[in-house]
Amino acid sequence: MSKIVEDAKPYAKRLIVGDTHLLDIAGQEALSTWIALSALMADQITKHPLKLPASDVAYFFEHKRPPAHWYVGAGFYDGPRVLAFNHAPFRMGHEEADGKEVTDLVKHVYATMIGNLFTIVDVLTFYSLPIAKPPAYYSSYLMQIHPHKFEAIPFPPPSQCMIQGPGQFEVGTHAMKVARMAIDPIVAYLKSIGGSPGFLSK
């Protein structure tokens, strides 16, 4: 895993200190893999019962890149330089006639602030429903770097992709905001295929 860290260093260092930089495809791949690795490590040590699927973890360590269905975004934090992390897991499902709760999907959002760099890893996993993509959503303050774009991305990004806030506790607010943004389209998707999500829990 040290190679993943070393490959990302030249890009991460510049973004963390807010240097102007054009993030090419190689940079997007290196940076998104490092960010995903950070999420995986956090998932391993957290005591929360909701974990990333074992198949996703196995894929990452075999291929040395995030699975295709993971969303990795990066943004510019225009505020006091901080080091902060937040994990926002959500579980959605329904209750059977016998009262048993069945999990339909689990969503994980990992948000990190390191200096001027703000990152998100967003993972959606279906369990009791057909695997399909719900309507796409993207935060106005994040630049998608995985699946990578086929064009260079400027950093600092356009002003609408910047986060301004007082510091450390902003990371939790924005992680929760991104996670919540995904809930409405997912509920609509479940209903469109006959599902009836009856509970939502953290």
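Me: In this predicted model, what is the handedness of the crossing of α2 and α3?

Reply: The crossing of these two helices, α2 and α3, is left-handed.

Me: How is the packing of two helices described?

Reply: In general, one gives the angle between the two axes and the distance that separates the axes. Here, helix α2 (residues 25-45) packs with helix α3 (residues 54-63) at an angle of about 135 degrees, and their axes are 11 Å apart. The two helices, α2 and α3, are therefore oblique to each other.

Me: Which residues make the contact of α2 and α3?

Reply: From α2 come Thr-33, Ala-36, Leu-37, Leu-40, Met-41 and Gln-44, while α3 supplies Val-57, Phe-60 and Phe-61. Sorted by class, the contact of α2 with α3 has seven nonpolar residues, two polar ones and no charged ones.

Me: How is a pair of aromatic rings described?

Reply: Such a pair is described by how far apart the ring centres lie and by the angle of the planes. A search of the whole structure finds two aromatic pairs. One of them joins Phe-60 and Phe-61 in an edge-to-face arrangement, with 5.6 Å centre to centre and 80 degrees between the planes.

Me: Is Phe-60 buried or exposed?

Reply: Phe-60 counts as buried because its relative accessibility is 0%, and the limit for buried is under 20%. Phe-61, with a relative accessible area of 32%, is partly exposed.

Me: Where is Lys-64 placed, and what is its phi?

Reply: Lys-64 is in the loop between α3 and β2 (71-77). Its phi is near 60 degrees, a positive value in a residue other than glycine. Lys-64 is partly exposed, at 41% relative accessible area.

Key:
Residues are numbered from 1 along each chain as its sequence is written. This is a predicted model: local features need pLDDT of at least 70, side-chain atom pairs count only at pLDDT 80 or more; totals for chains, interfaces and linings use all residues. Side-chain values use heavy atoms; hydrogens and water are left out. Axes are lines fitted to C-alpha atoms, for helices over the stretch in contact, and angles run from 0 to 180 degrees between N-to-C directions. Helices (H or I, at least four residues) and strands (E, at least two) are DSSP runs, numbered from the N terminus. Angles under 35 degrees count as roughly parallel, over 145 as roughly antiparallel, 65 to 115 as roughly perpendicular and the rest as oblique. A crossing is left-handed if the near helix is turned anticlockwise from the far one by less than a right angle, and right-handed if clockwise. Contact means heavy atoms within 4.5 Å. Ala, Val, Leu, Ile, Met, Phe, Trp, Tyr, Cys and Pro count as nonpolar, Asp, Glu, Lys and Arg as charged, and the others, Gly among them, as polar. Rings of Phe, Tyr and Trp (its six-membered ring) pair if their centres lie within 6.5 Å; planes under 30 degrees apart count as stacked, over 60 as edge-to-face and the rest as tilted. Buried means under 20% relative accessible area, exposed over 50%, partly exposed in between (1.4 Å probe, protein chains only).
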